[in-house]
Amino acid sequence: VETGNTEHTWQCIPWAHEDFQQADTENLSRWKWRRTSSKSFKKALSEVKGLSSYLVLWRHDIHSIEGKFGTGIQSYFSFLRFLVLLNFIIFILMFSVVILPTIMYKYGIFNSTSAYISPKNIEDVCTIYEPSGNKGLVYFFTYLKDLLSGTGFLEVTSLFYGYYSIDATWLSVKYNLPLAYLLATFIYLALSFIWIIKRSVEGFKQNLVHDADPFQSYSNKVFAGWDFCITDPSAARLKHRSLQYEIQTDLQEEKLKQKIAERTMEEKLRIYSLRIFINIIVIAILSGCFYSIYRVTAFSQENSSVSIRNDTRTELVNLLVQYLPSMVITLANFIGPLIFSFLIGFEDYTPAFEIKLTLLRCVFVRLANIGVLLFSLWSQISSCGSDKCKPCGYNYKLYPCWESDVGQEMYKLMIFDFIIIIAVALFVDFPRKLLVTHCSCKLVQWFGYREFVISDNVLEIIYGQTICWIGTFFSPFLPAIATIKYFIIFYVKKIVLIHTCKPAARPVRASSSNFFFLVVLLIGLLLAFVPLGVSIAHIPSSKACGPFRNFNTSWEVIPVTVLGFPTPLPQIVFGMASEAFAVPFFVILCIIMFCVIALAQAHKRVIEQLREQLVLMSRDKIFLSRKIAEPEELDFIKFPEQQDNSRSICSS
């Protein structure tokens with residue numbers, strides 16, 4: 001039996017061996033197929049990424065600008081591209097959530113209910129709103145005036161807040177337009193904040209690495225800055241110029257830092273005294289700008305309202321009176337940066353810090369001007385004498401739909417800013433180029449070609465973006481206008497840069513510029529929160545127009561909607577919004593932030609220790625190499641004749 005079993009076992013072994021071999025072959029083929037498919041997928045993915053890089057907006061134009069004028073100016077155009085994409089996404093959001101449902105209601109696609117105001121709470125005089133739409137025969141100039149000022153036929157379109165006067169629409173479910181309008185505002189502000197923070201963190205990392213170890217930056221540019229994948233000669237020249245500008249910027253900043261370190265006490269006192277005096281002048285200029293805008297806005301609102309209703313002035317005078325605040329703001333924005341750019345030259349800062357300080361000063365001029373304009377408007381909307389505001393909570397006689405009036409002011413600022421940019425390019429930059437080229441007058445040659453001042457140009461678009469953030473609540477179509485505006489400005493600035501400007505005498509590094517541009521843009525966004533918060537939560541909403549006609553304020557739609565939830569949810573939501581939840585949550589956030597800061601400090605100390613170890617290791621290597629080289633030098637000194645004889649024998 002045993003032999004029979006062994007013979008049977010030996011007969012089964014070849015078949016088992018063949019089964020194992022077949023299984024191994026199948027596993028190997030599966031592994032090869034998976035590896036091949038993985039490689040093909042990665043290759044296809046890389047090809048898709050390569051093709052998608054060609055779809056990036058203005059990719060070739062920005063690379064060309066980088067090679068000709070350096071990474072500092074290239075960062076401005078990249079920043080402009082970022083704002084174009086941001087405004088386009090904001091417009092898509094507002095169009096899909098607010099504009100499209102309202103247009104469908106207006107054309108009767110869905111059944112809708114218009115907002116109902118209870119007569120028990122609001123008087124009938126608050127609900128009267130008669131837009132100044134054009135009726136009868138209208139001249140071309142009237143259409144032009146309406147197009148520039150947002151009045152007339154534009155006032156009753158979807159461009160402004162007063163057009164969105166429905167409460168809800170139905171498409172199998174109820175669509176609450178007031179809630180959607182307010183949530184869309186919060187979403188575009190949150191989206192802008194998160195996107196700016198994300199890009200700022202990337203720029204902050206680059207800036208931190210550069211400031212922490214300047215020698216590492218030089219080494220990276222000299223030994224690892226070249227892209228060996230470049231095969232096109234024109235692309236190679238662009239990359240060469242870009243590296244040249246980067247190294248030139250670094251060397252110039254190091255030279256200025258060395259000069260600052262060698263200053264005597266007398267020179268320091270003189271410079272600090274001069275800086276204090278210049279800052280006093282700057283504060284005086286800012287105060288004058290703010291007071292002028294406040295007075296002009298009050299004059300414009302009073303006189304333009306009277307002239308439009310009584311028709312005692314011509315249309316041209318009406319247009320000038322309506323645009324008077326925009327003109328004064330634009331004049332302050334034009335003169336202020338010129339004065340600041342002139343004064344900064346006497347303060348003897350580094351090029352990067354000059355741009356930062358000039359930007360900060362100009363930010364306070366441009367953004368604070370918008371704040372003063374809105375403060376002046378609010379003071380006339382909510383603060384009125386002789387009990388005019390008691391029935392409605394605001395000056396309903398002068399501003400029956402005050403949100404549309406604020407939207408018109410933001411619209412005028414946006415349009416006038418665009419007109420000024422185009423006019424400066426056509427009537428200042430190109431004539432100056434022609435005069436310098438064809439006129440040999442000493443005065444003209446002294447002015448020379450214009451430099452592309454990055455701080456002024458960045459501030460122009462940040463100013464316009466702040467207007468867009470504030471005005472989108474009052475004019476939902478404003479992001480579309482801003483997108484078209486920045487799209488045109490890109491090509492205008494590119495033509496002006498290439499044909500009328502010269503490279504900057506003091507180039508600027510892109511890493512610090514990108515980060516600081518985003519910081520200033522973040523300041524503009526945070527300043528936009530203030531007027532929007534006051535308009536939404538403090539000032540009573542208009543009772544004659546808009547989606548919030550049946551609410552005391554725009555914010556009131558949130559608690560009303562929460563109260564409509566099932567029974568447990570309102571208590572939970574209101575509990576989370578109470579102080580009992582907010583205070584512990586804030587404490588926990590502070591503890592987490594403290595732990596993160598402590599961890600960052602520990603990592604920083606570890607990095608410093610590692611750098612010290614690298615320095616010591618390099619010194620040890622130098623010491624050992626010297627010790628190894630010393631015996632050879634001693635042998636050469638002791639027996640020079642033998643070494644010469646050995647060399648002659650080897651040569652023979």
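## Exercises on a predicted model

Methionine 576 is found in helix H18; helices here are DSSP runs (H or I) of at least four residues, numbered from the N terminus. The model is predicted: local features need pLDDT of at least 70, side-chain atom pairs count only at pLDDT 80 or more, and totals for chains, interfaces and linings use all residues. Residues are numbered from 1 along each chain as its sequence is written, and side-chain values use heavy atoms, with hydrogens and water left out.

**Exercise 1.** Classify methionine 576 as buried, partly exposed or exposed.

*Solution.* Take the cut-offs: buried is under 20% relative accessible area, exposed is over 50%, and partly exposed is in between (1.4 Å probe, protein chains only). Methionine 576 has 48% relative accessibility, so it counts as partly exposed.

**Exercise 2.** Describe the setting of threonine 483.

*Solution.* Threonine 483 lies in helix H15, residues 478–500. Its relative accessibility is 12%, so threonine 483 counts as buried. Leaving aside neighbours within four places in sequence, threonine 483 is in contact with Val84, Asn87 and Phe88, where contact means heavy atoms within 4.5 Å.

**Exercise 3.** Find how far helix H14 is enclosed by the rest of the structure.

*Solution.* Of the 18 residues of H14, 18 are buried, so H14 is largely enclosed.

How values were computed. Helices (H or I, at least four residues) and strands (E, at least two) are DSSP runs, numbered from the N terminus.
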